[in-house]
Structures are given as C-alpha cells and as structure tokens.
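Welcome! Please take a moment to look over the chain, and then read on for a short tour of a few of its parts.

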Amino acid sequence: MTSLLFSRALTPNGWCDDVRVEISGQGMIRSLEPGCRDAALPVIGGVAIPGVPNAHSHAHQRLLAGLAETGAGRDSFTRWRELMYRIVGRIDPDRFQAVASLAYMEMLKSGYTSVAEFHYLHHDAGGSPYAQPAEMGLRCIAAAEDAGIALTLLPSLYVHGGFGPAPAGAGQARFVCDAGGYMEIYSALAKAVEDRPEVRLGFAPHSLRAVDEPLLKEVLAGVRQADPDAPVHMHVAEQRSEVDDCLAWCGATPVRRLLDGIAVDARWNLVHATHMSDSERSALAATQASVVLCPTTEANLGDGTFPARKWLDLEGRFSIGSDSQITISPTDELRLLEYAQRLASESRNVLADESGESLGRVLLGGALKGGALALAQRCGVLEEGARADIVVLDGEHPALIARDGDEVLDSWIFAGGAACVRDVFVGGRQVVSGGRHVNEPEIVARYREAVRALLQ
Ligand SMILES: [Zn+2]
C-alpha cells in the first residue's frame, strides 16, 4: 500500500485541502481523507485532479501528424489517407510499439492517464496473420506498459472496403478479418489481459462501411458471451460523404440504419457522430449511448462541427479522444469543442450549464465521467474504489498563478494547456515527474529510429 498527500485536490465533494490518498497494491484508492496533516508524508504541492480518459486513439497515426498539410480541399484528405496507407504498408511490430509508446507517453504528459486504443492494424504487411494472430494487439498492451498508461484495447472488426459491401482494397489488407479470425484475436487478447487490472478489452466494429449487420451481430454475440459489459466503439457519420454514400446505398443514414438494425445501448460509444439530424440525435440520446468527440482531428480533417449544445440539452454523454494524434492534449480537445460552438453561434460559454460551476469544470467533468464509461474502467474520479489516476497541475506555472478552485481548470483548459501538467500518477505509480516522463529518453530514442526508418 502507498500513501500520497496532496495539498489541494478535486474530489466529488469539491475542492479539498491536505488530501491523503491511500492506494492498494492494485493501484486503487482505498481511502481519501481531506484535512489530513501527516508530518511523515511529503506534501505534493500544486492542484491534483483526476486523470482524463482518452476515449479514441489510433496510436500509429502519430507518425503522420503534420504531414498532410499541403494541397487544397478534399485532395488533402485523400493525401492524408494515402500517406496513412503507405505507412501502414511498412510498419512492423517493433516499430509499431515504438510509435505507440511515444503517443502514450505524450498522452500522459498532457493529462491523459488512460486510453481506448481503436486497433485495426492486425496482420503483417502482406495481409497474412502473424504466427501469433494477436501480435499487434499485444504490442499495444506492451506499449501501454512501456509508458505506464491504463488501456482499454478495442480490437477492430473490419471486413469490407465500403457500403454495398465493396471489397477491401490493397491498403486495407492488414485490417481485414472474418468472424472466426476476429474471435481468435479477441480470445488471445482476453487471455493476455486476465491478470492486468489496468488493461480492459472491448469491441470495435470499425464502421457500417467496413462491417455488415449480420456479421456485427454474430461477433457481438461472441463478445457478449465472453464479457457482458464489454464497451462497444464504432465510427459513424464522421463526414458528409459517408452519410451520402450510405443514403445512396440503402436509403437511410448511417445513424438511422444503426439504430434501426442494432440494439444500441449504454455500452455503445459512437465515434464522431458529427452529422445527425435532430430526430437521429434525440433517438441516439434516448438509447443512453455516448458520443466520442475528437475536435482537433475533426477540425484537421475538415469533418464538420458536432452540435454539442444540442447534444448536452438532450442530456447526451460525451467523451473526448486524440484520434489521429494531430495534437495530443485533453485541453486542446475541450478548448476546441467549446470554441467551435462559439464561432458557429457568435456567443461565449456555449457549453456552460446552470450548475454555477465554471465552464472548464463542466467540460472536464463531462469528459471524466463520459471517458470512464467509454473505457469501462473505474477511473476519472478521486474517490474510494477508483483507480488512483491523478494529474497534478503546477500552481507556479504562469498560467495558473493566483487562480483558485475552478479558475485553475479554466486557465488550464483555455490558456496554459499541457505545459501546466507537472506530475502524473497511474494506479498510484508516478509516470511523469516535473513535466518529464520517467522513461522519456528511451521512448523518444526508439521513436526517432522508427520514424526515420518508416518515413525516409
Ligand atoms: Zn478513428
């Protein structure tokens, strides 16, 4: 058992001073006691808040960040996808792990403490399964271990190249599984995570473009048999062209088709869901399913703006994700989520509510609660029974000086950003200290080798 003493912390009862946190050998909070002055324990100054779950990541896409910013309009999206497929054609398990470790390290340094990895890169460069079919998924787990981040691994089911169904193209050969192949990977991963409380397994049917409904139902039944509570994540309605293609194929939008064909419920997380009609939005909110919003990626790819005010008015739940890793920071996602609404509505504090809490507190609170549900892990809150995932913001950072309570969160999210993150604990184990990751030199060195080999 470990004990940590924080000078100030955000708890379910609000801001508390001198908070002693007792942590079990499994990394869970056994007790949390405010107003505790224990002379034997060093005080951790600054402001302790729950670590943020990152609910959508494609770790290998970290390699591409910034490389598709030439060319105009739709051409640049094609360029990004072609570049992604080129790298996908080359990356091997060692280099994949090196890239994922770097992405996960950067997540920790920015305030994320857990990640849902939407993992579709299953096979070797020729599209054949590895000798260990779950090799690449196991490398995700190894990368999470290198960095010390908690993980919900979402092996993706990907079969078709488009609606119709269209056959998968050569660039997609590494992603494609049938139901049997998928369950083989899922079972191997389930075995691997058995004794790891910081790793959870879920199911990610890639999208309605890539998976037909009979197959989705068949595999979902297999997953439910293994784990009734497994979270389900699926891309939907990210770009208008996807909605148009689905309409042309079957006369229904992807969200409508999904809601009519599949029993979507609170275990479901729809990634992006940018383009929904008012009636689709209401119907989706009524299922208790969540949306996973990735504002920096959605902005970078020109997807469109998610109407977050309308979603929150329906009491819709949301989580945030770094997705393509164009930048990696929960504050970037939350700031842009709000700013996109401000630009569209020509007003301020659009996502604030009636609680009297500041906007930063409301945004962070939504992402913590929704993120924990999306990852199906006990995290996102500093209370007994939750994992001790704790981020300490530096009260001496210029952006945070003379801020108190919720003002700290507002100044972190809207002004200071990742530079304010000083110390990070996952399951009570310190992984970032003074803004540096404990394995930073090794992780960066391996990444440098991988990125040069893959891009040159
Ligand atoms: Zn995605």
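The crossing of H11 and H12 is right-handed. Keep in mind as you look that this is a predicted model. The axes of the two helices, H11 and H12 (residues 359–375), come within 11 Å and cross at roughly 115°.

Which residues make this contact? On the H11 side they are Pro330, Leu334, Leu337 and Glu338, and H12 brings Leu359, Leu363, Leu364 and Ala367. Sorted by class, the contact of H11 with H12 holds seven nonpolar residues and one charged residue, with no polar ones.

## A closer look at H11

H11 covers residues 330–345, which makes 16 residues. From its first C-alpha to its last, H11 reaches 23 Å, close to the 22 Å expected at 1.5 Å a residue. Just after the helix comes Glu346, which takes a positive phi of about 55°.

Several residues of H11 are buried, among them Pro330, Leu334, Leu337 and Glu338, and these four also take part in the contact with H12. The buried residues of H11 also include Thr331, Asp332, Glu333, Arg335 and Gln341. An α-helix has 3.6 residues a turn, so residues three or four places apart point the same way.

Stepping back, the domain assignment of the chain gives two parts: domain 1 (2–49 + 382–441) and domain 2 (50–375). Their C-alpha centres lie 28 Å apart. The contact between them takes 28 residues from domain 1 and 27 residues from domain 2.

What does domain 1 bring to the side that touches domain 2? The elements giving two or more residues there are strand E15 (390–393), helix H13 (406–416), strand E16 (421–426) and strand E17 (429–433). H13 gives the most, with seven residues. By class, this side of domain 1 divides into 15 nonpolar, six polar and seven charged residues.

## A buried glutamate

Our last stop is Glu117, which has its place in strand E7 (residues 112–119).

Which residues does Glu117 touch, once its neighbours within four places in sequence are left aside? Glu117 is in contact with Ser57, Ala59, Cys140, Leu151, Leu153 and Leu154.

Key:
Residues numbered from 1 in each chain as written. Predicted model: local features only at pLDDT ≥ 70, side-chain atom pairs only at ≥ 80, totals over all residues. Expected span 1.5 Å × (residues − 1). Buried ≥ 20, exposed ≤ 12 C-beta atoms within 10 Å, placed from the backbone. Axes fitted to C-alpha atoms, helices over the stretch in contact; angles between N-to-C directions. Left-handed = near helix turned anticlockwise from the far one by under 90°. Contact = placed C-beta atoms within 7 Å. Nonpolar A, V, L, I, M, F, W, Y, C, P; charged D, E, K, R; others polar. Domains from an automatic or database assignment.
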